[in-house]
Amino acid sequence: MTTAARLERATKDYGDRVRTRALSTVDLEIGGGQVTLLLGPSGSGKTTLLNLLGGLDQPTEGKVIALGQDLGTLSRRG
């Protein structure tokens, strides 16, 4: 099975003076054609995780890899 998306020790913090950690060192691998559910209470980081996987946001630390491409190495040009 090929890997569609992978997070490697992905962490996401928000804020400058007061830091809020939305995700803490997440490791996740999603196979191609695989159905994956994200379940958790409000504020647990589900939307932050999806924003990272979709390339809408960048992790504070770690990597997000989609279809073999490290999203952190891509240009922001549209």
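Across which strands does helix α1 lie, and at what angle does the helix run to β2? Select residues 46-53 to display helix α1, which lies across β1, β2 and β3 and runs at about 55° to β2. Here helices (H or I, at least four residues) and strands (E, at least two) are DSSP runs numbered from the N terminus. Axes are lines fitted to C-alpha atoms, for helices over the stretch in contact (heavy atoms within 4.5 Å); angles run from 0 to 180 degrees between N-to-C directions.

The model is a predicted one, in which local features need pLDDT of at least 70 and side-chain atom pairs count only at pLDDT 80 or more, while totals for chains, interfaces and linings use all residues. Residues are numbered from 1 along each chain as its sequence is written, and side-chain values use heavy atoms, with hydrogens and water left out.

Next, display the sheet. It is open, with four strands in the order β2-β1-β3-β4 and antiparallel pairing; two strands pair if DSSP finds at least two bridges between them. Select 20-31 for β2 and 69-70 for β4: these are the edge strands, each pairing on one side only.

Now select β1 (residues 3-14) and β3 (residues 61-66), antiparallel strands that five bridges join. Arg-6 has Ile-65 in β3 as its bridge partner.

Remain in strand β1 and select Arg-9. Its phi is positive, about 50°, although Arg-9 is not a glycine.

Finally, move to Thr-25 in strand β2. Thr-25, likewise not a glycine, has a positive phi of about 40°. With 36% relative accessibility, Thr-25 counts as partly exposed, the class between buried (under 20%) and exposed.

Note on methods: Buried means under 20% relative accessible area, exposed over 50%, partly exposed in between (1.4 Å probe, protein chains only).
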